[in-house]
Amino acid sequence: MAEPVSVIDALMPAIRHTVRQLFQPFRLGVWVRLAVLGLLTAEFSGGGSGGQVSTPAGGGSRESGGSGGEFLPWPDLGIEALVLLLVAAGVLVLLLGLLLLYVSSVCRFILFDAVLRDRCRIREGFRRWHRAGWSYFLWQLALAAAVIVFLAVVIGGPLAIAFAAGVFQGSASPWGLIAVLVLVVLFLVIPVMIGVAVVALFTRDFVIPIMALEEQGILAGWKNFLPRLRADALGYLLYVLFKIVLAIGAAVLFGILTLLVIVFPLVLFGATGLILFLAGQAAGLGWNVFTILLAVFLGLLLILVLLVLIAFVSTPSVVFFQAYRIHFFAPRYARLQEALAAGPFHPEPPAPPAAVPA
């Protein structure tokens, strides 16, 4: 096994790796596929009222133009329809979130393989990595469930006790409850959440390469990684701290570039939306199923366009951070070192020493 490199030593190899993969030569198709992977991995998170209206307490029925200057009035929804709509929206959001989490889990392995071997084939990658991605997906669900249970116990417990003691009915002072919650958050919740974030980071950066190269599940990958973590705990701690610094720098740099790129789409969509809104008002249109769905569609389209632009601009950041993980971890993991040396972006050999004159 090679001598472990420091967090600084892995920086220049990762930069050279990124330049060679993206610009030597520049390949638009590869750039776009890497941008899609960056977007999917987050590398850079109606029923109308029909024709019936209620009768106000003051008398006559309310017609489309008789509301006294209402600006595209919303349709009246009964409480049953509103509850049904909210439940349906919640279920849809939950299912969509689970689907995106699974896709993101598989794409983590595709991204690792793409940066390591310059083999960015998304459709083929799903067939190859769907089992490993499923294992990672289940682990993320279990971790999220554990966090939710933990927060429910340490936060919900004091709140339940306070409710039983009548704090929320005004029969007791709330300052004791506030002090308990502050202490719990400072000394229990924040440390635990930091630990969860570090575990998620180590899984993403180090366990996933082990799972990919050893063809192991998430638990076997962690069992393989833990001895390496214990053997070089300081090195991995410095990695976490330096990763925070790099993330801040990348956020500032690519945030400025992204802002410059998305100004035009924002202005274009904003002007288009304003024109449609004023045209609908002039035509006497109100909020109904059609106009609500149209507004939602345009809003989602704007969000999608902005996300695609952000992902396209941030592709160098996506490749760099994945390359940085690889070049930091490779000297600490022989299988990854061999794969990196056999790939197209192997580290450059050290320069020979200068000849000493006789």
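The model is predicted, so local features need pLDDT of at least 70 and side-chain atom pairs count only at pLDDT 80 or more, while totals for chains, interfaces and linings use all residues. Residues are numbered from 1 along each chain as its sequence is written, and side-chain values use heavy atoms, with hydrogens and water left out. The protein chain has eleven helices and zero strands.

**Fold and surface**

- Helices (H or I, at least four residues) and strands (E, at least two) are DSSP runs, numbered from the N terminus.
- Read from the N terminus on, the elements run α-α-α-α-α-α-α-α-α-α-α.
- Of the 358 residues in the protein chain, 33% are buried; here buried means under 20% relative accessible area, exposed over 50%, and partly exposed in between (1.4 Å probe, protein chains only).
- The accessible surface of the protein chain is about 21,100 Å², and 74% of it belongs to carbon and sulfur atoms. Accessible areas come from the Shrake-Rupley method with a 1.4 Å probe, and for residues only the protein chains shown count as cover.

**The nonpolar core**

- The largest nonpolar core has 59 residues, and those with the most contacts inside it are Leu34, Leu37, Phe225, Tyr324 and Leu336. Its largest share, ten residues, comes from α3.
- A nonpolar core is a set of buried Ala, Val, Leu, Ile, Met, Phe, Trp, Tyr and Cys residues joined through side-chain atoms within 4.5 Å.
- Tyrosine 324 counts as buried because its relative accessibility is 0%. Leaving aside neighbours within four places in sequence, tyrosine 324 is in contact (heavy atoms within 4.5 Å) with Val7, Ala10, Leu11, Ala14, Tyr239, Phe242, Lys243 and Leu246.

**Aromatic pairs**

- A pair of aromatic rings is described by the distance of the centres and the angle of the planes.
- Rings of Phe, Tyr and Trp (its six-membered ring) pair if their centres lie within 6.5 Å; planes under 30 degrees apart count as stacked, over 60 as edge-to-face and the rest as tilted. By this rule there are 27 aromatic pairs.
- Phenylalanine 206 and tyrosine 236 have ring centres 5.1 Å apart and planes at 75 degrees, so this pair is edge-to-face.
- Phenylalanine 206 lies in helix α6 (residues 175–214) and tyrosine 236 in helix α8 (residues 233–282), so the pair ties together parts 30 residues apart in sequence. Phenylalanine 206 is buried at 0% relative accessibility, and tyrosine 236 is buried with a relative accessible area of 0%.
- Phenylalanine 242 and tyrosine 324 have ring centres 6.2 Å apart and planes at 45 degrees, which makes the pair tilted.
- With phenylalanine 242 in helix α8 and tyrosine 324 in helix α10 (residues 315–329), the second pair ties together parts 82 residues apart in sequence. Phenylalanine 242 counts as buried, at 16% relative accessibility.

**Arginine 332 over two rings**

- A charge sits over a ring if NZ of Lys or CZ of Arg is within 6 Å of the ring centre and within 35 degrees of the ring normal.
- The charged end of arginine 332 sits over the ring of phenylalanine 328, 3.9 Å from its centre. Arginine 332 also lies over the face of tyrosine 236, at 5.8 Å from the ring centre.

**Cysteines**

- The structure holds zero disulfides, a disulfide being a pair of cysteine sulfur atoms within 2.5 Å.
- For cysteine 107, the nearest cysteine sulfur is that of cysteine 120, 9.5 Å away.
- Cysteine 107 is buried with a relative accessible area of 0%, and cysteine 120 is buried with 7%.

**Leucine 101**

- Leucine 101 has its place in helix α3 (residues 79–117) and counts as partly exposed at 24% relative accessibility.
- Leucine 101 and leucine 138 are 37 residues apart in sequence and 9.8 Å apart in space, C-alpha to C-alpha.
- Not counting residues up to four places away in sequence, leucine 101 touches Phe137, Gln140 and Leu141.

**Backbone features in loops**

- Glutamine 24 and proline 25 are joined by a cis peptide bond, with omega about 0 degrees. Proline 25 is in the loop between α1 (11–23) and α2 (28–41).
- Aspartate 118 is not a glycine, yet has a positive phi of about 55 degrees. Aspartate 118 is found in the loop between α3 and α4 (122–154) and is partly exposed, with a relative accessible area of 24%.
- Glutamate 215, not a glycine either, has a positive phi of about 55 degrees. Glutamate 215 is in the loop between α6 and α7 (218–231) and is exposed, with a relative accessible area of 75%.
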